[in-house]
There are 2 protein chains.
Amino acid sequence: MRERRPVMMRPYEKDPAAIYARSFATVRAEARLERFDGATEALVVRLIHACGMVEIADRIAHSPGAVQAGMAALRAGAPILCDCEAVASGVIARNLPAGNAVICTLNAPRVPDMAAHLGTTRSAAATELWAPNLEGAVVAIGNAPTALFHLLEGIEKGWPAPAVILGFPVGFVGAAESKAELAADPRGAQFVTLRGRRGGSAMASAAVNALASGLAVTEPDR
Amino acid sequence: MRERRPVMMRPYEKDPAAIYARSFATVRAEARLERFDGATEALVVRLIHACGMVEIADRIAHSPGAVQAGMAALRAGAPILCDCEAVASGVIARNLPAGNAVICTLNAPRVPDMAAHLGTTRSAAATELWAPNLEGAVVAIGNAPTALFHLLEGIEKGWPAPAVILGFPVGFVGAAESKAELAADPRGAQFVTLRGRRGGSAMASAAVNALASGLAVTEPDR
């Protein structure tokens with residue numbers, strides 16, 4: 001432990017509204033957003049805001065009506081299916097337009113046995129429990145590539161298609177591949193994804209929050 | 001909605017242990033880790049694994065004994081103080097060595113009034129409620145720069161120093177500045193941080209999980 005010495009810390013912004021305004025202004029000034037329509041642009045701004053990287057704008061892939069479909073689904077009361085608790089906890093519940101259920105099945109007691117039986121990860125097995133809620137749902141994947149792969153296989157086998165897949169698995173094994181697969185064939189779902197290794201629960205939550213807010217800049221959560 | 005057509009998806013890795021092994025091998029092959037001691041290297045590998053970016057290794061700053069101090073604190077039963085629920089939910093509770101408490105005060109009912117009274121964000125105000133648990137604690141900040149700034153100011157005013165500050169606030173306003181302040185003067189705490197705009201709850205959780213696992217590669221959580 002070092003001895004404490006008096007420090008003069010530089011002043012910093014403490015006003016939540018000002019923080020949000022300056023953040024979004026910085027993102028809009030630095031990111032290449034020209035190729036997006038207005039609703040999608042607003043979602044991309046929030047994705048960038050969640051990760052601090054303006055350059056991800058160049059790696060976003062999406063189906064043309066994804067944002068509109070996701071907003072309509074939420075307004076119609078669709079549940080939000082998340083691959084991990086961190087995504088679920090990042091969803092700003094008070095902004096959801098219809099008290100939408102936020103569901104994460106990863107820690108359901110049956111999942112470890114299901115994973116062993118299916119010969120896959122717990123995250124993939126957990127998507128099997130989405131089936132009753134999947135039709136027209138908003139899916140937010142922010143961790144496991146195998147969850148996205150397994151969902152796509154499930155839809156292939158006849159599971160109902162969600163309204164939109166917000167696909168942001170992260171990492172070095174399967175993340176880029178699963179997102180490329182989603183973009184190449186979303187199996188009848190709308191989608192938004194970030195190509196490559198980057199992703200994560202904060203981006204997946206931010207995508208849901210952007211849909212939920214109707215894509216206006218809403219109350220800060222800081 | 002497009003018509004479904006049969007697709008042959010390429011095979012993908014489904015074995016959790018193999019996914020982890022290949023992930024960590026990729027990180028170690030690609031990231032510049034030479035400047036870290038063994039324990040810190042293992043933590044940095046987990047940070048990279050959480051975000052999919054090997055290049056962040058070059059922007060990590062830490063005090064020399066940070067990892068050892070964090071591990072010792074957890075083993076001694078220290079609580080983990082998180083600035084948002086997403087960080088808390090990313091902590092793998094079953095790996096904590098002493099049933100350590102994972103505490104997030106952001107949504108405590110008093111916090112909005114405290115924030116208004118203090119003229120700051122809810123995230124900053126929430127750190128005021130850490131004080132009784134702060135001495136020797138593990139602090140994990142993965143969202144709000146103002147939480148890190150306010151904590152540093154608090155320690156400056158006489159709050160007890162935590163054992164280690166895992167500082168990963170993210171974004172465009174204050175994130176780089178608050179982490180630079182932490183690295184320039186950690187006020188008697190050990191610290192690990194990522195310079196610049198990048199950060200996030202997944203990194204903050206990963207840092208805690210790395211400490212908790214004793215920095216060995218443990219059971220996959222996918």
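How many salt bridges are there between chain B and chain A? I looked this up before anything else, keeping in mind that the model is predicted. The count between the two chains is two.

**Entry: the contact**

I took one cross-chain pair by name. Glu30(B) forms a salt bridge with Arg197(A), and the closest N and O atoms are 2.8 Å apart. I then turned to the area. Together, chain B and chain A bury about 5400 Å², with 53% of it on carbon and sulfur atoms. I also looked up the residues that take part: 62 come from chain B and 62 from chain A. Of the interface residues of chain B, 100% are also interface residues in chain A, so the copies meet through the same surface.

**Entry: the symmetry**

I next asked how chain B is laid on chain A. A turn of 180° with a shift of 0.0 Å along the axis does it, at an RMSD of 0.0 Å. The two copies are therefore related as by a two-fold rotation axis. I looked for the residue of chain B that comes closest to this rotation axis, and found Ala86(B), with its C-alpha at 2.4 Å.

**Entry: salt bridges over all chains**

I widened the search from the contact to the whole structure, which holds 12 salt bridges over all chains. I noted one within chain A: Glu156(A) forms a salt bridge with Arg187(A), the closest N and O atoms being 2.9 Å apart. I placed both residues. Glu156(A) sits in helix H7 (residues 145-157) of chain A, while Arg187(A) sits in the loop between helix H8 (175-184) and strand E6 (190-194) of chain A, so the pair ties together parts that are 31 residues apart in sequence.

**Entry: the sheet in chain B**

I traced an open sheet of six strands in chain B and wrote down its order as E1-E6-E5-E4-E2-E3, with mixed pairing. Strand E1 (60-62) and strand E3 (102-104) of chain B are the edge strands, each pairing on one side only. From one strand to the next, the twist averages 15°. I then followed one pairing inside the sheet. Strand E4 (residues 138-141) and strand E5 (residues 164-167) of chain B pair in the parallel sense over four bridges. Within this pairing, I found that Val139(B) has Ile165(B) in E5(B) as its bridge partner.

**Entry: the record**

I checked UniProt for chain A. An unreviewed entry there places the feature "domain: Cobalamin biosynthesis precorrin-8X methylmutase CobH/CbiC" at residues 19-212. I looked up this span in the model: residues 19-212 of chain A are 46% helix and 11% strand, and the end C-alpha atoms lie 21 Å apart.

Terms used: Residues are numbered from 1 along each chain as its sequence is written. Chains are lettered from A and ligands numbered from 1 in the order in which they are written. This is a predicted model: local features need pLDDT of at least 70, side-chain atom pairs count only at pLDDT 80 or more; totals for chains, interfaces and linings use all residues. Side-chain values use heavy atoms; hydrogens and water are left out. Two strands pair if DSSP finds at least two bridges between them. Helices (H or I, at least four residues) and strands (E, at least two) are DSSP runs, numbered from the N terminus. Axes are lines fitted to C-alpha atoms, for helices over the stretch in contact, and angles run from 0 to 180 degrees between N-to-C directions. Copies are superposed by least squares on the C-alpha atoms of residues with pLDDT of at least 70 in both. Contact means heavy atoms within 4.5 Å. UniProt positions are given in the numbering used here, feature names are shortened, and annotations may be inferred rather than shown by experiment. Buried area is the accessible area (1.4 Å probe) that two parts lose on being put together, summed over both. A salt bridge is a side-chain nitrogen of Lys or Arg within 4 Å of a carboxyl oxygen of Asp or Glu.
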